[in-house]
Amino acid sequence: MTKVAFTTADDRITGFCCSGHSGYGEAGTDILCAAISAAVSLTECIVNDICGTRAKVRVNEDDASITLTLPAACDEEETVQAALAGLMAYLVDLRDQYPDYLDVLEV
């Protein structure tokens, strides 16, 4: 199962941690893992490369995880928050479709 935990503080998404393989399909052909990975990668690209936020990103191949943590303030805060909220909404929708393979939490 893939688990995604979004961290929040004062109505602000401050980051997320996505870990694990969904197990929906075989490695390399798992469409759910591909959908999650693409969405997470796109969001990280928007936050860091497009908005220039310089969020801290850690990738751990051993446990198949990626963690993104925003700095205390962002120049493009509204856009960054929209991208993260969009990622959360998309993943919640996927969770509703594949509840045995994806869990999304807000902490």
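This report walks through the sheet, the core and a few individual residues of a predicted model.

## Before you start

Because the model is predicted, local features need pLDDT of at least 70 and side-chain atom pairs count only at pLDDT 80 or more, while totals for chains, interfaces and linings use all residues. Residues are numbered from 1 along each chain as its sequence is written, and side-chain values use heavy atoms, with hydrogens and water left out.

Helices (H or I, at least four residues) and strands (E, at least two) are DSSP runs, numbered from the N terminus.

## The sheet and its helix

Two strands pair if DSSP finds at least two bridges between them.

Contact here means heavy atoms within 4.5 Å. Looking at one strand pair, S3 and strand S4 (residues 65-69) are antiparallel and share five bridges. Valine 57 stands opposite leucine 68 in S4.

## The nonpolar core

A nonpolar core is a set of buried Ala, Val, Leu, Ile, Met, Phe, Trp, Tyr and Cys residues joined through side-chain atoms within 4.5 Å. Buried means under 20% relative accessible area, exposed over 50%, and partly exposed in between (1.4 Å probe, protein chains only). In soluble globular proteins, nonpolar side chains tend to be buried together.

The largest core in this model has 25 residues, and Phe6, Ile36, Leu70 and Leu91 have the most contacts inside it. S1, S2, H1, S4, H2 and S5 each supply at least two of its residues, with the largest share, six residues, coming from H2. Leucine 70 touches, among others, Arg12, Ile13, Val47, Val80 and Leu84.

## Two buried polar residues

Serine 22 sits in the loop between S2 and H1 and counts as buried at 3% relative accessibility. Its side chain joins that of aspartate 30 in a polar contact of 2.7 Å. Such a contact is a pair of N or O atoms within 3.5 Å; within protein, one must be able to donate a hydrogen and the other to accept it, and residues adjacent in sequence count only if both atoms are side-chain atoms. The residues that serine 22 touches include Met1, Cys33 and Tyr101.

Threonine 43 lies in helix H1 and is buried, with a relative accessible area of 6%. Among the residues it touches are Ala83 and Leu87.

## Cysteines without a bond

How many disulfides does a search of the whole structure find? The search finds zero, a disulfide being a pair of cysteine sulfur atoms within 2.5 Å. The sulfur of cysteine 33 is 8.3 Å from the closest cysteine sulfur, in cysteine 18, so it is too far for a bond. For cysteine 51, the closest cysteine sulfur is in cysteine 74, at 8.3 Å, also too far for a bond.

Cysteine 33 is buried at 14%, and cysteine 51 is buried at 13%. Cysteine 74, in the loop between S4 and helix H2 (77-97), is buried at 11% relative accessibility and touches Arg12 and Thr53, not counting residues up to four places away in sequence.
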